[in-house]
Amino acid sequence: FTGLAPGSYEVWVRNATTTCPVEWASVIQLSDPPLPVINNVASTNPTDCGAANGTINIAASAGTGTFQYSISGQSGPWQSSASFTGLAPGSYSVWVRNATTTCPVAWTSIITLSDPPLPVINNVASTNPTDCGAANGTINIAASAGTGAFQYSISGQNGPWQTNASFAGLAPGSYEV
C-alpha cells in the first residue's frame, strides 16, 4: 500500500477465496513528519538611504533533514541557505520547509527592513553682504537626525558638498541648501 495519508490503519489478511480473515495484533499509525520550528529571525537594516545591504538570518530546528528558506512567502523562491544578504528596505515574509519541500511553516511576523532616518535641516541662518558688490555674506546650516556625519551644499543636490555647515564669503544671489 503506497500513497497513504497520515492516520490509523488496521492490517488484515485473508485467503484469496475471501475466507479466514486475520487481523494484525496492533493498529499501524502513520504520522506527518515533524514540522520545522523557526527558533529565531535576526535582521539588520540597510546602512544608508537607498542601500541594498540589509540582511535576514533564520535559525530553525526540528523538521526532517535539511531545510529550505524563503523570505518571499510560501510560494518562494526557496534556497538552502538560511542567510539572505543584499536586501533593500521592504517587508519580508519568512518561511521554512523541509528540504523535501514538505511542511512549510511561517514566522509569526513580517520582517520589515527600513532605511536609516533622513537628515533633518533644523535651521538655516544667513547674513547678507555688508555692501554693494561685497562678497562677505554667510549661510550657516543646522541639521540633525540622519546617521553619521553630514555633508552640506548651497548649490543644490549636485553640490559641491563640504563637511563644514558654514559658508562664508558669499556674494549676493540665490542659494539652494
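How many bridges join β14 to strand β15 (residues 166–170), and do the two run parallel or antiparallel? Three bridges join them, and the strands run antiparallel. This is a predicted model, in which local features need pLDDT of at least 70, side-chain atom pairs count only at pLDDT 80 or more, and totals for chains, interfaces and linings use all residues. Residues are numbered from 1 along each chain as its sequence is written, and side-chain values use heavy atoms, with hydrogens and water left out.

**View 1. Strand β14 pairs with β13 and with β15.** Strands are DSSP runs (E, at least two residues), numbered from the N terminus. Two strands pair if DSSP finds at least two bridges between them. Eight bridges link β13 (residues 119–127) to β14 (residues 137–145), and this pair is antiparallel. A125 has N140 of β14 as its bridge partner. On the β15 side, G137 is bridged to L170. A145 also belongs to β14. Its phi is near 65 degrees, a positive value in a residue other than glycine. A145 counts as partly exposed because its relative accessibility is 44% (buried is under 20% relative accessible area, exposed over 50%, partly exposed in between; 1.4 Å probe, protein chains only).

**View 2. The largest nonpolar core has 16 residues.** A nonpolar core is a set of buried Ala, Val, Leu, Ile, Met, Phe, Trp, Tyr and Cys residues joined through side-chain atoms within 4.5 Å. I56, I58, I71 and V94 have the most contacts inside this core. Two or more residues come from each of β5 (36–44), β6 (54–62), β7 (67–70), β8 (83–87) and β12 (111–113). A second, separate core has eight residues, including I141, Y152, A165 and F167. Leaving aside neighbours within four places in sequence, I56 is in contact (heavy atoms within 4.5 Å) with residues that include V41, I71, F84, Y92, V94 and L113. In soluble globular proteins, nonpolar side chains tend to be buried together.

**View 3. Y69 sits in strand β7.** Y69 counts as buried because its relative accessibility is 8%. Not counting residues up to four places away in sequence, Y69 touches I58, P77, W78, F84 and W95, among others. P77 lies in the loop between β7 and β8. The G76 to P77 peptide bond is cis, with omega near 15 degrees.

View 4. P160 is in the loop between β14 and β15. C103 is placed in the loop between β10 (95–98) and β11 (105–106). C103 counts as buried, at 14% relative accessibility. Most residues other than glycine have a negative phi, and most peptide bonds are trans.

**View 5. G90 lies in strand β9 (residues 90–92).** At 24% relative accessibility, G90 is partly exposed. Beyond residues up to four places away in sequence, G90 touches I111, T112 and L113. G90 and N140 are 50 residues apart in sequence and 36 Å apart in space, C-alpha to C-alpha.

Notes: Helix = DSSP H or I, 4+ residues; strand = E, 2+ residues; numbered from the N terminus.
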